[in-house]
Amino acid sequence: MFALSFSYLLLKAGPGQVAWRDDKDNRLDLRLSTDQLGVAALTVHADSTWYTEHPLWLVENQALFDQLDWLPCAQPASVAYYSGQLPNTLLDWLALRQRAPAIHFFPDYDGVGLLNFARLRSRLGHSVALWLMPEWPSRLERFGCTTLWQDTQREFNAMLAHPATADFDVEVKQLIRSMQASGMALEQEAVWL
């Protein structure tokens with residue numbers, strides 16, 4: 001017998017009433033779980049059929065997961081936390097079927113974050129979009145980090161070589177060019193600055 005490959009997806013409700021359902025009529029009231037417990041978790045594996053009727057936001061930083069005042073939408077949404085590299089089990093799970101009508105990806109703007117976006121885009125196509133924080137060019141200029149840029153060069157170069165990069169939106173390509181020209185990356189926390 002082999003072990004089922006799985007991981008856990010930590011979720012919080014953004015604004016409004018948010019629920020997740022599966023094909024067995026199980027229901028996760030994400031609003032209630034968030035209000036009462038702080039978070040909820042779904043087991044992510046090939047046989048899991050959980051989905052939501054509201055957008056899903058993927059964030060790389062726990063501070064942004066803990067405090068959602070940066071979230072740019074007033075309509076119901078789920079926010080999920082991941083750390084560093086997106087697990088392949090999560091990518092596989094998201095690619096098996098539509099889990100949300102839209103997926104917004106908000107990583108650090110560095111090599112790791114952009115490579116993760118390329119991996120997502122190659123699996124999910126245009127149903128996933130990289131969210132660019134307001135005024136990102138001035139934030140990159142003012143709060144960009146050369147050390148983070150240098151530390152993630154291997155991943156940045158892998159992203160540039162990834163086939164999905166050719167299909168990035170114009171704004172994302174502009175971010176990439178700006179990062180290359182400045183030699184800086186930008187952490188998610190700059191959204192609060």
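**View 1. Strands 6 and 7 run parallel and are joined by four bridges.** The model shown here and in the following views is predicted. Within this pair, Leu 58 has Ala 80 of strand 7 as its bridge partner.

**View 2. Strand 6 comprises residues 56-59, with side chains pointing two ways.** Leu 56 and Leu 58 point one way, while Trp 57 and Val 59 point the other way. All of these residues are buried.

**View 3. Strand 6 is also joined to strand 8, by four bridges.** These two strands run parallel. Opposite Val 59 stands Phe 106, a residue of strand 8.

**View 4. Strand 8, residues 103-106, is joined to strand 9 by three bridges.** Here too the pairing is parallel. His 104 has Ala 129 of strand 9 as its bridge partner.

**View 5. Helix 1, formed by residues 30-37, packs on the sheet.** The helix touches strand 1 (7-13), strand 4 and strand 7 (78-81). The direction of helix 1 makes about 85° with that of strand 1.

**View 6. The six strands form an open sheet in the order 4-1-7-6-8-9.** Pairing across the sheet is mixed. Strand 4 (40-44) and strand 9 (128-130) stand at the edges; each has a single partner strand, so one side of each is left without a neighbour in the sheet. On average, neighbouring strands of this sheet are turned by 30° against each other, direction ignored.

Methods: Residues numbered from 1 in each chain as written. Predicted model: local features only at pLDDT ≥ 70, side-chain atom pairs only at ≥ 80, totals over all residues. Heavy atoms only, no water. Pairing = 2+ DSSP bridges. Axes fitted to C-alpha atoms, helices over the stretch in contact; angles between N-to-C directions. Contact = heavy atoms within 4.5 Å. Buried < 20%, exposed > 50% of the residue type's maximum accessible area, 1.4 Å probe, protein only.
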